[in-house]
2 protein chains.
Amino acid sequence: MTSPPQRTSEPRWLTEDERIAWLRLMAVTMLLPARLESELKRDAGLSHFEYYVLAMISENDEHSLPLSELASRTNSSLSRLSHVLTRLETQGYLTRCASQADARASLARLTETGWQKVVASAPGHVDEVRTVVFDPLTARQVGQLSEICGRLLGTLDPDHRLLDHD
Amino acid sequence: MTSPPQRTSEPRWLTEDERIAWLRLMAVTMLLPARLESELKRDAGLSHFEYYVLAMISENDEHSLPLSELASRTNSSLSRLSHVLTRLETQGYLTRCASQADARASLARLTETGWQKVVASAPGHVDEVRTVVFDPLTARQVGQLSEICGRLLGTLDPDHRLLDHD
DNA sequence: AGGTTTTAGTTGTTGCTTCAAGTAAGTAAC
DNA sequence: GTTACTTACTTGAAGCAACAACTAAAACCT
């Protein structure tokens, strides 16, 4: 990736500054998820995806959410979500129930156990996020990071499937 | 993650700005790898990890690298690396050979086919990186991103296992 | 009203990752 | 100069994710 191979139409190669920025960004995208993963596994016995699913449901009215909506917010396929919900259901954290509005749709609804799980694991998770992301940055940099990620999402998520109104 | 549950010792919750920054960063870390993954799968028939492995080897002298070193640079376990190398070896992209310096160590060495594979797939990959990361940002923002990621890596990778000298 | 398309979700298979257990070579301790 | 420990890597089993194929309900079309 550093030494340009000969080629018919020269690609626009990366400048040295861009290359360093890129390697660092890659490193962050490799290490950050792994870090959150292991913290949650250790402290809550959940994968990050499972936690995220529970957290997303918990933020909604009645602690319930249609599966399609949940799939969008967690950036997962319905297939993957369905498998994960089956596991979480087996563990007693949620139940599936039918939607009155649409007979095709199902709602994932947190049980009391599931809600307590979120309540118990969220503070530790937030603390980890602080340690890894916000503590090392100045307030100014947090703003820059937010703006930069916003820009990237313009390309990565043009329809705002993940972030609805931020 | 948004509504603070009651608790004996209140955790330092996220401010609204931090919360938005966090959700955006999460979205990027979910979408960016998926995007690179599908581009490489489509254009080169490689997973991003496989590509990265080949690319890292290709940047070294003799197109070869000890497995431990390779595991560090790709942030993988030796186990994962070993499985992947077996696949790449089967596909003819590399071979394993013994190290003279250390009888315990093995080197992964690109074959001519493997090198040609890197040469053929790198430009398309770089182009995708440009499209998704650098084109949407100003030069100033690229600098900010680099600095910010550098800070985060101070916590995520204190021993500089991934990035040696940048 | 009847047929097609789209939306919503499930399930089985296949493949990659993780984990645990193993071998073998080098290093340190006494 | 053995014993103990660490480093380097492999392998098999288990679990999770991606993909494809399926059912069923709603929307759309004319």
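This is a predicted model: local features need pLDDT of at least 70, side-chain atom pairs count only at pLDDT 80 or more; totals for chains, interfaces and linings use all residues.
Between them, chain B and chain A bury about 7,200 Å², and 71% of this area lies on carbon and sulfur atoms.

**The contact between the chains**

To this contact chain B contributes 65 residues and chain A likewise 65 residues. Two salt bridges are counted between chain B and chain A; in the salt bridge between the side chains of Glu18(B) and Arg130(A), the distance from N to O is 2.9 Å. Polar contact joins ten residue pairs between chain B and chain A, with both residues of a pair at pLDDT 80 or more. On the side of chain B that touches chain A, the elements giving two or more residues are α1 (16–44), α2 (48–58), α5 (112–134) and α6 (139–156) of chain B. The most is given by α1(B), with 16 residues. By residue class, that side of chain B divides into 38 nonpolar, 14 polar and 13 charged residues.

**The relation of the two copies**

Chain B is superposed on chain A by a rotation of 180 degrees with 0.0 Å of shift along its axis, at an RMSD of 0.1 Å. This is the relation of a two-fold axis. Within chain B, the C-alpha nearest the axis belongs to Thr29(B) and lies 2.7 Å from it. Both copies use the same surface, in that 100% of the contact residues of chain B recur in chain A.

**The surface near DNA strand C**

DNA strand C is surrounded by 18 residues, of which the closest are Ser68(A), Arg96(A), Ser106(A), Ser79(B) and Ala103(B). Among the atoms of DNA strand C within 4 Å of the protein, 69% belong to sugar or phosphate, while the rest belong to bases.

| Residue | Oxygen of DNA strand C | Distance |
|---|---|---|
| Ser82(A) | phosphate oxygen | 2.9 Å |
| His83(A) | base oxygen | 2.8 Å |
| His83(B) | base oxygen | 3.4 Å |

The elements that give two or more residues to the surface near DNA strand C are α3 (67–73) and α4 (78–90) of chain A, together with α4 (78–90) of chain B. Of the elements, α4(B) gives the most to this surface, with five residues. The residues of the surface near DNA strand C divide into five nonpolar, seven polar and six charged.

Key
Residues are numbered from 1 along each chain as its sequence is written. Chains are lettered from A and ligands numbered from 1 in the order in which they are written. Side-chain values use heavy atoms; hydrogens and water are left out. Contact means heavy atoms within 4.5 Å. Buried area is the accessible area (1.4 Å probe) that two parts lose on being put together, summed over both. A salt bridge is a side-chain nitrogen of Lys or Arg within 4 Å of a carboxyl oxygen of Asp or Glu. A polar contact is a pair of N or O atoms within 3.5 Å; within protein, one must be able to donate a hydrogen and the other to accept it, and residues adjacent in sequence count only if both atoms are side-chain atoms. Helices (H or I, at least four residues) and strands (E, at least two) are DSSP runs, numbered from the N terminus. Ala, Val, Leu, Ile, Met, Phe, Trp, Tyr, Cys and Pro count as nonpolar, Asp, Glu, Lys and Arg as charged, and the others, Gly among them, as polar. Copies are superposed by least squares on the C-alpha atoms of residues with pLDDT of at least 70 in both. A residue is near a molecule or strand if one of its heavy atoms lies within 4 Å of it.
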